[in-house]
Amino acid sequence: MVDMIWLVPLIPLLSSILLMLGSATLPRVLIGLLGVCSVGAAAVLTLLVGLEFLANPQPFQLTLWTWMQVGDFSPGIAFYFDGLTLVMMSVITGVGFLIHLFSTEFMEEDASYARYFAYLNMFVAAMLMLVMAENLLLLYLGWEGVGVCSYLLVGFWYQNSANGQAARKAFVVTRIGDTAMALGLLLLFTELGTLDIQAMMGAADQQWQVGDRLPLIACLLLLGGAVGKSAQLPLHTWLPDAMAGPTPVSALIHAATMVTAGVYLIARTNGLFLLAPTAMMIVALVGLATLLMAAFTALMQSDIKRILAYSTISQIGYMFLALGVGAWTAGIFHLMTHAFFKALLFLGSGAIIHYLHHEHDIFKMGGLRSKMPVTFWSFMIGSAALAALPMTSGFFSKDQILLQAYMLPEAGPWLWLGGLLGALLTAIYSFRLVFVVFFGEAKTQPDGDTGWRMALPLVLLCGLAMVGGYFIIPVAEVFPAASTEHPAHWVEYVSISVPLIGLLLSYLIFHSGQLNVDRLVNSSLGQSLRRFWFSGWGIDWLYDRVFVRPYYRLSGTMLNEPIDAIYGLIVAINQTFNHWLAVSQTGRIRWYVASMVFGLILVLTLALQIPAEAL
Amino acid sequence: MEGLNIPLNHILLVSTLLFSIGMLGLMIRRNIIFILMSLEVMLNAAALAFVAAGAHWGQPDGQIIFMLILTVAAAEVAVGLGLVLQVQRRFKTLDMDSADRMRG
Amino acid sequence: MVMVNLILILLLGGVLAMLSESVSENMPRRVALVVILVDLAYLLSELSGMPSLTQLQAPVPDDPSTWLMHFKAQWIPAFGISIELALDGISLLMVLLTLVLGAIAVSSSWTDIMVKQGFFEANLLWTLAGVLGVFMALDLFLFFLFWEVMLIPMYFMIAIWGHENRGYAAMKFFIFTQASGLLMLVATLALVTVNHSATGEWSFSYFDLLNTAMTEQTAHWLMLGFFIAFVVKLPAFPFHTWLPDAHTQAPTAGSVILAGILLKTGAYGLIRFAVPLFPDAAMDFSFTAMALGVAGVVYGAVLAFAQTDFKRLVAYSSVSHMGFVLLGVYAWNELALQGAVMQMVAHGFSTAALFMIAGSLQERLHTRDMREMGGLWQQMPRMGAVAMFFVVASLGLPGLGNFVAEFLVLLGLFQVNPWMTAVAALGLITGAIYSLILMQRSFQGEPNPKLQGHGLVDFAGREMLTMAVMMVALIGLGLYPQPVLDMAQPVLQSLLDMTSVEMMP
Amino acid sequence: MNSSQMMALMPMLMLSLTAVALMIQASIKRDQAVAWWITGVGFLLALWGAGYAREFAQPVTLLLVVDDWGLFFITLILVASLVTLILSKDTFSPEGERKEEYYLLLVLSVLGAVILIQSSHMASLLLGMELMGVALYGMIAFPEKGELPLEAAIKYLVLSACASAMLLFGFALIYAATGDLSYAGMGAKAAAAYSREPVVLMAGSAMILAGLGFKLSVVPFHMWTPDVYQGAPTPVTGFLATVSKGAVFVALVRFYLEGQLYQYNSLLMALSVVAIASMLVGNWLALRQENIKRLLAYSSIAHFGYLLIVLIALAAAQNPGATALIGQAITFYLAAYIVTTLAAFTVLANLAGEDDSKSMLSAFEGLFWRNPLQASVLTVAMLSFAGIPLTAGFIGKFYLITLSIQSGLWVMLTALVLGSAIAIYYYLRIIFAMSKTSATKLKAQSAATVGSQDIVAALLLLLVLALGSWPQPFIEFAGAL
């Protein structure tokens, strides 16, 4: 069975190709079936392979063919399968399947139904390649592949140039990170002689000492790729804009799978990062900074999808924090639970948007609790998990992260405190969303509640979001053993209670109105803070001024080829000579004779330069 | 030839002078007749130099060449005068500065 | 003789195509296509008798008998000039590329040539013949001859069937390449003279000239002569300015051939002549050359972004892409060289396809100005999808040929100069920026109201077939480039061996 | 003079006989067609004579030297004269009945050229050059209509006479210094003269170079060229550009070699400056010229600038191999130039005739579609001038570059490359104009019948291509001279 894993990415890929070729001819039903079933089949295969693996947890690898061989450089089209791979594949195919199913209803009326599923299937295939890759080059293939699919799907409704703008931004910003990552690959191969992840980590272990300069550089370059893809500071700006795509796309790509690829990358190359403690610390700090920045920003947004987008950035910040403090398992665990509840939330918001005529502003919604019960409960559960209320899946994963962060010597408690602040904010903004959208008075009328193709995924994801915390992910072999020490109990209690406090605050502010923050908000400091947070800490503005506009200006001023001016000058010189010489051809005999006389004098002068000894 | 022993260089100098005068005439004269006359002066300057050089070396060659030059000059002038007639007929002037239809 | 026949078939085919115009207006293009396919089939049938191409023997650069094919006939014995053609892995690759893209070029101009079709197809075939000659000639005189002569039909293609500003573009193209060719001629003759004074024999044969001994300074100057000729054709910054004009103004088939094949002659020349003939000088010069390569990569990309003319944008992207080739060649190690060779092939397809799309748009919209486009996907989804494919290919999406090429170049370059690699890698980012803006301005965005109801015709059978060939080629190169790598490997290896031996103190 | 020497002068004799025959014919019955035929037969006989004379190659008195090299050029200029003759038929037949003097002038001019080529003495040089020149004045001024031919003739006459005077004066000075009038004698005595009278010797040589430089139209003695080219009847221009210039160059080479002028650095310097100036100025002048005849005039300036490189290279030639190469180079380049120029003027004569406006570039637009044969010939001629491979001009340039490299003439080489690079532009302009499609609406010429001129053009085309693509036989031939 395990030999069949190459089918897992292949099936969606084939389906994608089929959909592209038949986009004009296939009937819609068939399109939907093909799109959903291919991922479903991949999910089933994953399940079967996973069961076999769990029975006999031996990592294995499968080489299909040698991609290219140039000297010592011989990356293969090869897969590596272990617990981490299994987790990722399960999330991708499982959640992916549900989202595909959801999409059949969500996209029902869209003219480009086939194109949508083609892209989506291709994305699944690329994402699977990413997580299954045995070597970094193949991983890079998947990495760029998902990038392109993300680009295509964000800009799916291409007639609106704003969407195209968002799509290009997503691609280009992540490409910046990707380029760093590519350089990392070059460095790793040049130094270690291989890109095969396992072999590379082995070689690194032998060649490098902990704290060396080279592993630090390599890790930082990889981190560059990771922050790009995972929308962490400073390359996070694309994700909120990427919400321009269809909502299921946001759920799949920009919440559950692709954006967590950076986390996967770091976890996968943990052997390298362990050699570079400084890099680990940077990862943790990036995570912390991002989670706080995004949480503050999420608090201020009014577009339902942007709230979720910033919340995603923030949650991935937690994962980075986890990776940075060495809580590998916790990071991956949070990745999984986050995939469940964030997909749930996104799909829920998709349902709202779908039935509310593409309304995105939460303040124009309200009171939807009774009209859309399935959606409401989805949101309740999803938000609870997001806020990490006890016993939800998010609780288990986030709690582990915070505790392990606390255990880190020296910086630990500070990281923990930062994480707590984030948790508080998370609880506030997630329930702010719930209260504003589902309680209070109704401002718009939905067309109804979800049909079964939407409801089923929501319900299933609700279940996962609730019980996901009890899953045990089989990654013990993948990562170095975490310390078994536990922090003092009060730390644990504080960690548990903070989200509850956040919930309470949120209730008081946004539902009961007992806590009035208007004065605070309307103060001048409050206003400017609000604006500052709302804009995502002004980072977009900064980038626009520092990078985007100068680039436009640069290319604009060079439009007419400065280099050509040099050649233009040569031409002009020749033309000038031509002009003056042509003028000299006056047509008059006397002038011509003068020229000859001049020539005669010239020749005589030159010829009479007789060396002194001859005279 | 006793008593008439002028150094060769002096005669060459004179002929150079003549040559230059002819050339100057070519440059400043606009009338085609004068131009032809200037040419004649130049040719004769060369002829003079030949004669002198022949005398210097005691050879007849210089004088033979002189004869040749006379012939050549005559031929040139003959054709030249023929053209002058045409010029006068068609351009209605002998001013050569007016013959500048082709230029540039 | 096979090689001579290959060239003759094209030359005579050109005459035939010209004559066939009298039969029917549409005859020449059919004749041209058939001629190219016959040529290709002939080559393949001759190759099938050879030992498996994947296990090519490593040709010893200065021993012609180890090459795949070798042909030598006296031509001008007074100067030791002969008709010497030879084929090794790299030339074979280039020859195959030439013929395949040649067929594609004919297909790409199937309908847009209105006048003098016969002469057009003849010029096309003659250009191809010249290019084949360039790729196979190993007598430096003969090489120069092909190098210059192939420009003439190309010149006519631009000057007669080009777009609005064709005169200027054709002239610029011709003068740039001719003037730089003069330098190469001087360098060639100087090299031969040096060899002559050393051995007392006149010879233009590559094999005789390879090991010419000369002073460092001489080698440096001569190398420069070759280098400039080749990088003008490549083109490399700052000699590239003929390219945007020529590509933009050429008819579609002309652009396809220019970008797909003609540029590669420059790269081929560098690999075959500029470096091996003067290994030490070339190595001394490599930093400058690589710096030019990097400059080209970035400069081309920045300028591409600014363009509003579809073809001009693609043209500048070529400048950027060929910068990678220059980098690959002068990094001069196996990885980088393989990358350069890959880039030559992959860029041939991806850019040719983009030019074809540009041509199709021009044919339908009568403009190349992207400000007049927008939202074309709606009316022409197939063309849009195809364009998307080649755009992402050109921005270096892994899984497609261009990625393999660029990655190998960067990998090889990194071992030589990491900092330069880092700057060159900027090309990946800037490449994404201009590629995507191309899609945005033409196929995506709000549909241009002026184009509504124009009844734009989407790609149909012939066009899709042509495109499919190139797509399959790029995917093949991207996922299993090994056949190409294997073909080039022995050649590159022996070149590397040779230069490394010579560079020993 | 014995009979073998007489045989050696066979081409000259034949031409003289032709001249006499023409005069007799004129006195009997004036008929242009007959005169044309007589001239043609005369040229053919002279051609035969040139072949016949090879067996009797020897110096004939002090004045003339008959050798293979000279005979080859005689053959070449006879061919050129034949072409001129063929082209002249159409040009001058509209002039009316009484125009057969033209043919007499042509024959005399060719005779002058032949003498010039074989001259080895000051006197024969003078006679040859004047015979050729004076006849040419007449040929240039021959058309009765239009002012341009007359203007051209008078300009040529005055300036040419001035140049002759310079030449003569130069010879007088050299004679004064050395006491000898034959080239060989001068060469033999020059060394002694140099130590005695260097100024006179050098001044004399310089004036001779100036005088010959005028005929070759090198800068700064070039100014007459465009005006005369433009004003003269097109066949005459072709004749002037090929026969006159070719013969003068051969004479220059003889004088230069026999007189051993290459020994004097100051002279070489003067030659170099003139050569470089010609290469650059000629090409610059041609750059934006709209009249093709003038353009070709300017381009010829540049070409003789290129050719002068050979003379300079001679000074640096150390071994016989290098000298042989130089001989080949002169022969090949000159031959290539003559053939190419003939081809170009054939087309010009066919298309432009004597209408000045028709020799403008604009008149050639779309020629490819109206008259493919003539357009192809002109294209190949232009490519040959530009030195593109497969044409004769390329091999010529190949020689020049090789020579410059061998002799280490880097400055000359640079000028050559620069000049050639500039030249590409204007040669290409002509080709581009001919390929313009906008002019295709112009009616196709009603030249349904293939005239003799088409055949001449086609033959010249083949010759240019053959010299360029299969030069080996000719190289061997030139090497044997």
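**View 1. The overall form of chain C in this predicted model agrees with that of a compact globule.** A compact globule of 505 residues would have a radius of gyration near 23 Å, and chain C, with 22 Å, agrees with that value. Along its principal axes, the C-alpha trace of chain C spans about 75 × 55 × 45 Å, and its secondary structure comes to 20 helices and two strands. Of the 505 residues in chain C, 67% are buried. When contacts in chain C between residues at least 6 apart in sequence are considered, 80% of them join residues at least 24 apart.

**View 2. Helix α13 of chain C is largely enclosed by the rest of the structure.** This helix covers residues 310-331, which makes 22 residues, and it reaches 32 Å from its first C-alpha to its last, close to the 32 Å expected at 1.5 Å a residue. Because 22 of the 22 residues of α13(C) are buried, the helix counts as largely enclosed. The residue that follows α13(C) is C:Trp332, whose phi is positive, near 50°.

**View 3. The loop between α9 and α10 of chain C holds C:Pro235 and C:Pro238.** Most peptide bonds are trans. The helices on either side of C:Pro235 are α9, residues 216-233, and α10, residues 242-249.

**View 4. Chain C meets chain A through 40 residues of chain C and 38 residues of chain A.** Several helices of chain C each supply at least two residues of the side that touches chain A, among them α12 (279-306), α14 (334-365) and α20 (482-503). The helix that gives the most to this side is α18(C), with nine residues. Sorted by class, the side of chain C that touches chain A has 27 nonpolar, eleven polar and two charged residues. Of the five pairs of chains in contact, chains A and C share the most contacts, whereas chain B and chain C do not touch, their nearest C-alpha atoms being 24 Å apart.

**View 5. Two antiparallel strands of chain A are joined by six bridges.** The strands are β1, residues 60-66, and β2(A), and one of the residues to look for is A:Trp65, whose bridge partner in β2(A) is A:Ile77. Strand β2 of chain A covers residues 76-81, and five of its six residues are buried, so this strand is largely enclosed by the rest of the structure.

**View 6. The contact between chains B and D takes 33 residues from chain B and 31 residues from chain D.** On the side of chain B that touches chain D, helices α1 (8-28), α2 (32-57) and α3 (61-91) of chain B each supply at least two residues, and α3(B) gives the most, with 14 residues. By class, this side of chain B has 24 nonpolar, five polar and four charged residues.

**View 7. D:Thr61 and D:Ser217 are residues of chain D with a positive phi.** Most residues other than glycine have a negative phi. D:Thr61, which is not a glycine, has a positive phi of about 50°, and its place is in the loop between β1 (58-60) and β2 (64-66) of chain D. D:Thr61 counts as exposed because it has 12 C-beta neighbours inside 10 Å. For D:Ser217, phi is near 50°, and this residue lies in the loop between α9 (198-216) and α10 (224-231) of chain D. D:Ser217 is buried, with 28 other C-beta atoms within 10 Å.

Notes. Residues are numbered from 1 along each chain as its sequence is written. Chains are lettered from A and ligands numbered from 1 in the order in which they are written. This is a predicted model: local features need pLDDT of at least 70, side-chain atom pairs count only at pLDDT 80 or more; totals for chains, interfaces and linings use all residues. Two residues are in contact if their C-beta atoms, placed from the backbone, lie within 7 Å. Helices (H or I, at least four residues) and strands (E, at least two) are DSSP runs, numbered from the N terminus. Ala, Val, Leu, Ile, Met, Phe, Trp, Tyr, Cys and Pro count as nonpolar, Asp, Glu, Lys and Arg as charged, and the others, Gly among them, as polar. The radius of gyration is taken over C-alpha atoms; the globule rule is 2.2 Å times the number of residues to the power 0.38. A residue is buried if 20 or more other C-beta atoms lie within 10 Å of its own, exposed if 12 or fewer, and partly exposed in between; C-beta atoms are placed from the backbone. Two strands pair if DSSP finds at least two bridges between them. The expected span of a helix is 1.5 Å times one less than its number of residues.
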